[in-house]
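Hi there,

Here is the structure I promised to hand over. Have a look at it first, and then read on for what turned up in it.

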Amino acid sequence: MTDHAIFHRPLGAAVPQGHDQAIFGMGCYWGVERLFWKQNGIWLTEVGFAGGMVQNPTYEQVKRGDTGHAEVVRIIYDSSLISYDHLLQLFWENHDPTQGDRQGNDIGSQYRSLIMVFNDSQRAAAEASKIDYGNRLAVQGHGAITTEIVEATPFWPAHEAHQQYLHKNPDGYCGLKGTGVEASIPNPDPI
């Protein structure tokens, strides 16, 4: 098994005791992964695919747009150091959740905005933050949020060459771009 290029932990690792996981789709997964690996309290990040019908899809299959999968990042985090609400704030502020099946020039359902939840607490937080951020966007003249909030489905890791891509290729493509509208954190991170 391959190790994470930054954290030096095995990719595909199980969630350790005292940690939680999150899965977010925010367009092209390279920049999304870098955004999260830079945060204090993140234990592991991994790019891959989720939300579709094909088992263990390849990047080429997902890129065609007919598997139903989205490009996503799986995040394992220490919730005593970074809250799920903080992760949601980063999610909302760092992409445009109103674009449907695209992010900027990346077009297709594989680039859709997606939150996969693992429990009722994450679902409640995600739904509340979606309503709050939707109101903030509306005040600034943006359209409605198209983000899907769904139960977590199997996560299929992308090929090793895509893992920590922007660490290995610092000048590589990053399509991350938010709307400029700030999201709120209802419960600040623990101290």
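C28 counts as buried, at 12% relative accessibility. This is a predicted model, by the way. The cysteine sulfur closest to that of C28 belongs to C174, and at 7.3 Å it is too far for a bond. Seen from the other end, the sulfur of C174 has C28 as its closest cysteine partner, again 7.3 Å away and too far for a bond. A disulfide is a covalent bond between the sulfur atoms of two cysteines. The cut-off used for one here is 2.5 Å between the sulfurs, and the search of the whole structure finds 0 disulfides. C174 is partly exposed, with a relative accessible area of 28%.

Where does G172 sit? Its place is in the segment after α5, which spans 165–168. G172 is partly exposed, at 24% relative accessible area. Leaving out residues up to four places away in sequence, G172 touches Y165 and L166. G172 and W30 are 142 residues apart in sequence, yet their C-alpha atoms are 8.6 Å apart in space.

Now to the sheet. It is an open one, made of 6 strands in the order β7-β6-β1-β3-β2-β8, with mixed pairing. The edge strands are β7 (148–151) and β8 (156–157), each of which pairs on one side only. Strands of a sheet pair through backbone hydrogen bonds, either parallel or antiparallel. Here β6 (residues 113–117) and β7 pair in the parallel sense, over 4 bridges, and L114 has E148 in β7 as its bridge partner.

Two helices that pack on the sheet come next. Helix α4 (residues 120–139) touches β1, β3, β6 and β7, and its direction makes about 175 degrees with that of β7. Helix α1 (residues 29–37) touches β1 (19–26), β2 (42–50) and β3 (70–78), and its direction makes about 165 degrees with that of β2. Which hand does the crossover from β6 through α4 to β7 have? This β-α-β crossover is right-handed.

Strand β3 deserves a paragraph to itself. It runs antiparallel to β1, joined by 6 bridges, and antiparallel to β2, joined by 8 bridges. Q21 has I76 of β3 as its bridge partner, while E46 stands opposite R74 in β3. Why is β3 described as largely enclosed by the rest of the structure? Because 9 of its 9 residues are buried. In a regular strand the side chains alternate between the two faces of the sheet. For β3, both faces are covered: A70, V72, R74, I76 and D78 are buried on one side, and E71, V73, I75 and Y77 are buried on the other.

In α1, 8 of the 9 residues are buried: Y29, W30, G31, V32, E33, L35, F36 and W37. What covers them includes β1, β2, α2, β3, α3 and α5. Helix α3 is largely enclosed by the rest of the structure, because 9 of its 10 residues are buried. Those are Y84, D85, H86, L87, L88, Q89, L90, F91 and W92, and their cover includes β1, α1, β2, β3, β6 and α4.

In soluble globular proteins, nonpolar side chains tend to be buried together. The largest nonpolar core in this model has 38 residues, and F24, F36, Y84, L87 and I115 have the most contacts inside it. At least two residues of this core come from each of β1, α1, β2, α2 (59–64), β3, α3 (84–93), β6 and α4. Apart from this core lies another one, of 7 residues, including V72, L114, M116 and F155. As for L87, setting aside its neighbours within four places in sequence, its contacts are A22, F24, F36, I42, Y77 and I82.

Enjoy exploring it, and write back with any questions.

Best wishes

Note on methods: Residues are numbered from 1 along each chain as its sequence is written. This is a predicted model: local features need pLDDT of at least 70, side-chain atom pairs count only at pLDDT 80 or more; totals for chains, interfaces and linings use all residues. Side-chain values use heavy atoms; hydrogens and water are left out. Two strands pair if DSSP finds at least two bridges between them. Contact means heavy atoms within 4.5 Å. Axes are lines fitted to C-alpha atoms, for helices over the stretch in contact, and angles run from 0 to 180 degrees between N-to-C directions. A crossover is right-handed if, with the strands pointing away from the viewer, the path from the first strand over the helix to the second runs clockwise. Buried means under 20% relative accessible area, exposed over 50%, partly exposed in between (1.4 Å probe, protein chains only). A nonpolar core is a set of buried Ala, Val, Leu, Ile, Met, Phe, Trp, Tyr and Cys residues joined through side-chain atoms within 4.5 Å.
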